[in-house]
Amino acid sequence: MTKTRFRTGSLKQAAKEHTLRLIACIAFLLMASPVFAQGVQQTKGDFQDKFRQLDEVLPDPNVYRNASGAPGHQYWQQKADYRINAQLDEDKRRITAQATISYTNNSPDTLPWIWMQLDQNIFRRDSIAETTRTFGGSSSNGVGVSGARFNDPARLSLGQIRRQQSLVDNNYGYEIGSVRLSNGTALKYTIVGTLMRIDLPTQLAPGRTVSFKIDWAYNIVEEDAVRARSGYEHFPDDPRPGGNDIFLLAQWFPRLVAYSDYEGWHNKEFLGSGEFTLEFGDYDVTMTVPDDHIVSSTGVLANPAEVLTATQRQRLRTASTANAPVFIVTPEEAEANERTGPNGTKSWRFTAQNVRDFAWASSRKFAWDAQGHRQPGAKNSTVMAMSFWPKEGGELWRKYSTAAIVHTMKVYSRFSFDYPYPTAQSVNGPVGGMEYPMITFNGPRTTLNEDGTRTYSLSEKVFLIGVVIHEVGHIYFPMTVNSDERQWTWMDEGINSFLDSVAGYEWDPDMPWTRSLPRDLIPYMTSNQQVPIMTQSDSVLNLGPNAYGKPSAAFHILRDTVIGRERFDFALKEYARRWKYKRPTPADFFRTIEEASGTDLDWFWRGWFYTTDHVDISLDTIHRLRIDTANPDIDLPRRRQELTGEPAKVGVELNRQQGLPIWVLENPGITDFYDQNDQFTVTPKDSKKYDSFLESLDEPWMRQAFDRAVAEDANYYVLSFSNKGGLVMPIILGLTFADGSTEKMNIPAEIWRRNSRQVRKLLVFPKGKELTQVVVDPDWETADADIANNHYPRQIIPSRIEAFKSPDRNSRVGRDLMAESQGAQE
Ligand SMILES: [Zn+2]
């Protein structure tokens, strides 16, 4: 009596099958159309064009910046050259200095005044940075100490109290002694927070240079107390009476405010997070320091015979051709040095050409090693990679610092240009990580054990190698590709975080690097604490993930998923080449990457850089379709066959188990035609319909295509996707077939161009190739936030997925690298 079950149990199912078959027929006829028309609706008034061209948002191209993203044919930039004499008073922790600054106006504009940056004024208690410092907010640069962040108004950290005390106890900020022309004429100046306007007696015409002198002094901040990008660190426990200091000197001289074609003077106050917008120039700097100090500095040492011993000079020569770091000052010599004191002073003179800034470090605690890195054919064919560290840096620094510098240059130069300067230095001090031309400050150290030995943890090792790569990488971006850090942190930190993660994985793929891959950014991209990447640096919430992690993730996706390595690397290199020693804007970057890779990426820049959408593509349903032969003798038995898997009606089955009699079986004489045959019995009407269908295929190609499709009996699937995160992205599919084979498929993001919320896609596989499983983004390469809706059929998601979504924020590695990205250290 199975036929009764067929008839009664299958009506609804049969109707559904019928619908799908109709769809199959449409799909068959419309196979040339990639979008499956039925069921995908845009809601009127709710339309979002995520592929709209970005030119509506970007500034118009002009003679200074052209439409291809390259410098225009009338590109110009100013030049600022400095000759500085500086004296370091170790006991008073004070800098006194005199500078002669030559400013060349290459712009087409006549300038009535000059603006200078007085960054030390950020530490004045009446600075905008101090007076607008909010309590308990996120990204409160300089407030968090020891990784603590305070959102509880009832709690005040000791670090905050110490900071307040330090600002009260010390007069921080610039003391400007005099400002005058080279001929001695005093110049009128006006100080506005961290800026100073110098009025020129004669307007500075295009092509002209003005030289002027500034005398100044300032008290060096204690870095541990105020959290800054420079400062001193005191070591009270050193054997020398009174202890020793490490001095890291940066933002230590009045610097020219940038004057650019897109903003004129850049009068944006220094608030702490937004770093520096600077001009290139040549430097000749002499620092007078205690005569037992070692100085590391931007530039090349111009008077080695006056400050180094013959032995040290010989060691430097040896190091320049060595294949491993050579000590110039050994750790033993440094430890001996830090026990005694100076006999007077020494003056170290450094020169640097075409740099955007100048920083230095000084201490009697420094050991110093060096290794020549060779770049055949480059302007600087040998670059001296050098590290300076106190005994607290120990083996960690001896093993990894200079090696990481060399590794960085090898990797970064592949993506950009030869390392552009003669030295690359890494200095250990109180700053967690900060970059300047040719010199970087890096914080990780060893831990002193109770037995007097020093060890380091894996996280300190990861932090040191990672931070050296990152900070030395900054010598490319933005020290050479001079992007505007005050406006757009992502342009240097994002590109640099991307490249530092590339370099990290090329150093050792098994190290627990964090934060820069797409999968690392999911918690941030799904959080509420965010603003678009294209937000001015000081207004960004969560600077680390916003300006470091998210753009890095975006570049990994562009490189490995959207554009492909060869073309992406070519485009990034072209950007670096075009803007080396020049000042690019975001538009120049976006346009160059598109033009050099030959890819329209407006949708990508729009989604990733101008919105806070995240990636979450859901695979909602898969319908399998079969082409009907239309021949009732084939189709109807096949449909009957397909229904055998359907369960019986529960009530009917229970009746059977109960042994209840069935009338028609008890009374066989009552049955008629309909009881003898089911709905799948071929009737003359069916046969006639088939004949008229074949006749309707009146064009020869129709019959050909139909016969071939029937003969091939391919597998047709319609996959329905919805975009739950908002970002339009390529749909990457991992396909598994019944025969055990797998296939990866990449559908470009343009599939979303007519409907950014829902799309359907028809996939066709030959007979015998039956889909059993489909996974969206099987390799986690797009930062897809919800893995659960990626699987079809759905799967139980193992708990490790949750683990990766919520990284342990208390782990040392996580905390250190997050601290590095919080703004206090960059
Ligand atoms: Zn950085």
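**Entry 1: burial and a salt bridge**

I began by noting that a residue counts as buried when its relative accessible area is under 20%. I also wrote down that this is a predicted model, and I kept that in mind for each entry below.

With the cut-off in hand, I looked up arginine 356, which counts as buried because its relative accessibility is 1%. Glutamate 485, also at 1% relative accessibility, counts as buried too. I then found that glutamate 485 and arginine 356 form a salt bridge, with the closest N and O atoms 3.1 Å apart. Where in the chain do glutamate 485 and arginine 356 lie? Glutamate 485 sits in the loop between α10 (458–473) and α11 (489–507), while arginine 356 sits in the loop between β17 (345–355) and β18 (360–363), so that the pair, 129 residues apart, links distant parts of the chain.

**Entry 2: lysine 79 and its partners**

I turned to lysine 79, which is partly exposed, with a relative accessible area of 28%. Lysine 79 forms a salt bridge with aspartate 81, the closest N and O atoms being 2.7 Å apart, and its side chain also meets that of aspartate 282 in a salt bridge of 3.2 Å, N to O. The pair of lysine 79 and aspartate 282 links distant parts of the chain, since lysine 79 belongs to strand β1 (residues 79–89) and aspartate 282 to strand β13 (residues 281–290), 203 residues apart. Is aspartate 282 buried or partly exposed? I found that aspartate 282 is partly exposed, with a relative accessible area of 27%.

**Entry 3: helix α4**

I checked the length of helix α4 (residues 158–169), whose 12 residues should span 16 Å at 1.5 Å a residue, and this agrees with the 16 Å between its end C-alpha atoms. The buried residues of α4 are Gly159, Gln160, Arg163, Ser166 and Leu167. Seen down the axis of α4, these buried residues fall within an arc of 125 degrees, so they line one face of the helix. I reminded myself that an α-helix has 3.6 residues a turn, so residues three or four places apart point the same way. The buried residues of α4 pack against α3 (128–131) and α5 (223–226), whereas the face turned away from the buried side carries the exposed residues Leu158 and Asp169.

**Entry 4: nonpolar cores**

Which residues have the most contacts inside the largest nonpolar core? They are Phe212 and Trp252, in a core of 194 residues. Helix α9 (residues 394–415) gives the most to this core, with 10 residues.

**Entry 5: an open sheet**

Last, I traced an open sheet of 4 strands, in the order β29-β28-β31-β32, with antiparallel pairing. Its edge strands are β29 (742–747) and β32 (791–792), each of which pairs on one side only. Strand β28 (residues 731–737) and strand β31 (residues 771–776) pair in the antiparallel sense over 5 bridges, and I noted that phenylalanine 737 has leucine 771 in β31 as its bridge partner.

Note on methods:
Residues numbered from 1 in each chain as written. Predicted model: local features only at pLDDT ≥ 70, side-chain atom pairs only at ≥ 80, totals over all residues. Heavy atoms only, no water. Pairing = 2+ DSSP bridges. Helix = DSSP H or I, 4+ residues; strand = E, 2+ residues; numbered from the N terminus. Expected span 1.5 Å × (residues − 1). Buried < 20%, exposed > 50% of the residue type's maximum accessible area, 1.4 Å probe, protein only. Arc of directions from axis to C-beta. Contact = heavy atoms within 4.5 Å. Core = buried A, V, L, I, M, F, W, Y, C linked by side-chain atoms within 4.5 Å. Salt bridge = Lys/Arg side-chain N within 4 Å of Asp/Glu carboxyl O.
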